[in-house]
Amino acid sequence: MKKPKIYITRRLPDEVVEPYKNQLDIEMWDKEEEPVEHSVLLEKVRSADGLLTMLTDPVDEDVFMEGQHLRIVANMAVGYDNVDVSAAHKHGVAVTNTPDVLTDTTADLTFALLMSSARRLLEANHSIQRNEWNNWSPLWLAGSDVHHKTIGIVGMGRIGKALAKRAKGFDMRVLYHNRSRDEEAEENLGAVYMEFYELLKFADFVVCLTPLSDETYHMFDKEAFERMRNTAIFINASRGATVDEKALYHAVNNSEIAGAGLDVFEEEPIGSDHPLLSLPQVLCLPHIGSATVETRSNMMRMCFDNLIHFFEGKPLISPVNK
Ligand code: DGY
């Protein structure tokens, strides 16, 4: 039988891809660090039965229009805001993502971002690099405690719950806001549900983990930052567009909040001239939430396994559209 033709929008490691070549006819974009050009994707999708895409690829109506044989898009991320799921549905194309395999890794990074922001780790490292460690002094680089503080998690999904577990280990009080209440989080983690503005008022650390959607676009706006404590630190490990970055800049620059730790940005990638990088109280990372070798490899394998399941007529492991 003819093998299904799969186009992969990034160069993936041979050791991950090789075992799947028995079942799939695989072609890859040849660059590991650069996204496929949209025009190339539009050309390649014409002959593809399936796509394996990255969160950097806009998989839009044009892709589905060109992909006359396209039947499945396996997106290598838990977030799939880069895929026009309603267009996929209209064209009868299945979409899958990579939940679960990245939960703990992303929660680790989110907590690391929180710890590093609170304890000013990056500033401390830079100060040594600039030869500023001339003396120990009582309040030099003093940050804020994490243990016994209050964390407010906005978006109590899998990663939110894994983060709450970590926070519990630091004796933190856990508040959360979600579209719906989560009994499991309340019973097992002692998390307390609050309305969004109420959570902002009480949290020492406000952590955004909510998926990006029309409802959550710029959810963290001027008013949201005004509602936070002046001592609060804002963390975002979800998607950049949940935040109005101008409002965040204003809030930090005017000491309405104490600082921020960001793994994601409205327009990625950002360059060294991004205004938020000019604020010492803001720690910026280049979207590395799930970036460990183990987890990224597992995410790749999960995409392949979804593709194989689909073409073998088995239930998908992680469908995002039914
Ligand atoms: C995801 O999978 O959506 C994460 O943002 C990747 O780090």
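**Around the ligand**

In this predicted model, a polar side-chain atom of H287 lies 2.7 Å from an oxygen atom of the ligand. An N or O atom in the side chain of R239 is likewise 2.7 Å from a ligand oxygen, while for the side chain of S290 the corresponding distance is 2.9 Å. Taken alone the ligand would expose 230 Å², and the protein buries 94% of that area. The surrounding residues, among them L55, V78, L102 and R296, divide into four nonpolar, four polar and two charged.

The salt bridges come to 19 in count. In one of them the side chains of R158 and D100 meet at 2.8 Å, N to O, and this pair links distant parts of the chain, with R158 in helix α7 and D100 in the loop between β5 and α5, 58 residues apart. Another joins K161 to E184, with the closest N and O atoms 3.6 Å apart; K161 lies in helix α7 and E184 in helix α8, so this pair ties together parts that are 23 residues apart in sequence. K161 is buried, at 17% relative accessible area, whereas E184 is partly exposed, at 47%.

By contrast, E226 and K222, whose side chains meet at 2.7 Å, both lie in helix α10, four residues apart, about one turn of the helix. Finally, D104, D108 and R166 are linked in a network of salt bridges.

Notes: Residues are numbered from 1 along each chain as its sequence is written. This is a predicted model: local features need pLDDT of at least 70, side-chain atom pairs count only at pLDDT 80 or more; totals for chains, interfaces and linings use all residues. Side-chain values use heavy atoms; hydrogens and water are left out. A residue is near a molecule or strand if one of its heavy atoms lies within 4 Å of it. A polar contact is a pair of N or O atoms within 3.5 Å; within protein, one must be able to donate a hydrogen and the other to accept it, and residues adjacent in sequence count only if both atoms are side-chain atoms. Accessible areas come from the Shrake-Rupley method with a 1.4 Å probe; for residues, only the protein chains shown count as cover. Ala, Val, Leu, Ile, Met, Phe, Trp, Tyr, Cys and Pro count as nonpolar, Asp, Glu, Lys and Arg as charged, and the others, Gly among them, as polar. A salt bridge is a side-chain nitrogen of Lys or Arg within 4 Å of a carboxyl oxygen of Asp or Glu. Helices (H or I, at least four residues) and strands (E, at least two) are DSSP runs, numbered from the N terminus. Buried means under 20% relative accessible area, exposed over 50%, partly exposed in between (1.4 Å probe, protein chains only).
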